[in-house]
Amino acid sequence: MNNENNNENEFNNELNDKIDVNFNNSSYISEEDNVNTVNQMNNFLGSNVIGTNIDEATLREIDEIENNASVSTNYQKTTGDNKVDTGVNKPLKVPETDAKKQRFKYQIINSQGEKVKGYIDAHNISEVKAYLDNEGYQTVKVELSKDIVLGSGKLSYSELAFILTQLSTYLKSGIPLIDAIRILEKQSVKPEKRRIFSNITYELVKGESFSSALEAQGNVFPSFLINMVKTAEMTGDLPEILDDMTEYYTTTDRTRKAAISAMTYPTIIFIFAIAVITFILTYVIPTFVGIFEENNATIPTMTRIVINTSNFLRSNGFYIVGVIALILIVYTILYKNVRSFKKTMQTIYMKLPIFGKLIIYKEVAMFTKTFASLLNHNVFITDSMKILSQVTTNEVYTEIIQDSLSYLSKGAKISDSFKGKWAFPVVAYEMLVTGENTGRLAVMMDYVAKYYDDLHSNYIKRINTLIEPLMIVFLALIVGIVVLSVVIPMFSVYSQLA
């Protein structure tokens, strides 16, 4: 009897030690899996342990139960509830730390025997080496990067659309997500872009979800895309959502380029006009002033105004340039950091006679397009509003969206918060009300987005058609005034010489 008790106590001690080690060391086993493991072990104990000797086969069976729970949890965490397969079954174990990541520069030898240099963000050199070894590379050198990085590394809408198209194609072809990211990394020519994909691969190898890997890159990827990827991880339709995001960012890029194109020509004409006028006033007019003074020519009022303007520019030119530069700097700082100032300026821009409608059409099209995309992928309205408040950069619309969240929390309709808002056109509001009443809100928002996209494009064409002749007339008028101010006194000089 004593021998049986000793065997039972010895087994219990050994079993508890194994459970403690497993629970303390593994960062990938969830509480549910631990409970399941313990239950299975307790059942095993109740039927087989008491009064028996524990052999090696029994211990191996217990080990197998623990390992199965660990591997299952690894896969579940990596794939996002078994919906999106990242191709990583055993994540790279990295000690968790709150320290800020640093940029490291590494040199490796790849499978083809070529030396490759790259950058990666990690907490320390050991993490980088562990990651490179896990990827199958021969590490030559890893050091803290001291290179100066130009630019934020943020992807443009056109680059984003192209990347999403490739990623969707790879996933539809059956390529695991992590291998698709590796392909994008190898295709990248710019080191900064290659570093982004390398960091994503690193996060996926650690066992993070795809959305977490994107979010870890800072402001490289838009918050709207990250939230849509989170939705895909819950629903399992990542390729479809990537296709939708491709279309979204392609349309957004097309709209943005159209707006830039509409402003490019008048901006160039305006800058050219200012440069010509400044040159005439500072270099040409002073030459004629000397001629007028030598011949005691009669100087009309228009010519005196031009001469006084010329003297002012020549005497205070540097101060004028400095004041303009200071105003621009102060304006930029306030616009980026002071929310009330940004909202005030955006309100002024949106109420301008010609360009105000252009801004409103663009913002409404973007809002409804994003809203429709979220609703089409079964994102709740409250969550959609929170995402929209992060996506928009216009403080006027941010305030409207925040009001809608307040209305929704009180049980009101979403249309109540948009009623009577000057920045939200009546047509869009009526379509919003119709969508709520008919239960087809996503469809209605799609219609509104297309309508205001077309309205925005047509308005840009109209502005181009109107501005081009106006700028030519403006330039001709200014140059004509300056020329007349020189020619009229010359008649007086010629009459005196005659």
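1. Let's start with α13, a helix of 22 residues in this predicted model. From its first C-alpha to its last, α13 reaches 32 Å, close to the 32 Å expected at 1.5 Å a residue.

2. How many of the residues of α13 are buried? The count is 17 of 22, so this helix is mostly covered, with buried taken as under 20% relative accessible area.

3. Have a look at what follows α13: N378, with a positive phi near 65°. N378 is found in the loop between α13 (355–376) and α14 (381–391).

4. Is N378 buried or exposed? N378 counts as exposed because its relative accessible area is 65%, and the cut-off for exposed is over 50%.

5. Elsewhere, please check the nonpolar patch on the surface, formed by F270, I271, I274 and F474. Together these residues have about 360 Å² of accessible area. Which helix gives the most to the patch? That is α10 (residues 238–294), with three residues.

6. F474 has its place in helix α18 (residues 441–497). With a relative accessibility of 31%, F474 counts as partly exposed, because that class lies between the 20% and 50% cut-offs.

Definitions and conventions:
Residues are numbered from 1 along each chain as its sequence is written. This is a predicted model: local features need pLDDT of at least 70, side-chain atom pairs count only at pLDDT 80 or more; totals for chains, interfaces and linings use all residues. Side-chain values use heavy atoms; hydrogens and water are left out. Helices (H or I, at least four residues) and strands (E, at least two) are DSSP runs, numbered from the N terminus. Buried means under 20% relative accessible area, exposed over 50%, partly exposed in between (1.4 Å probe, protein chains only). The expected span of a helix is 1.5 Å times one less than its number of residues. Patches are made of residues with over 30% relative accessible area and no salt bridge: like charges are joined within 9 Å, nonpolar side chains (Val, Leu, Ile, Met, Phe, Trp, Tyr) within 5 Å. Accessible areas come from the Shrake-Rupley method with a 1.4 Å probe; for residues, only the protein chains shown count as cover. A salt bridge is a side-chain nitrogen of Lys or Arg within 4 Å of a carboxyl oxygen of Asp or Glu.
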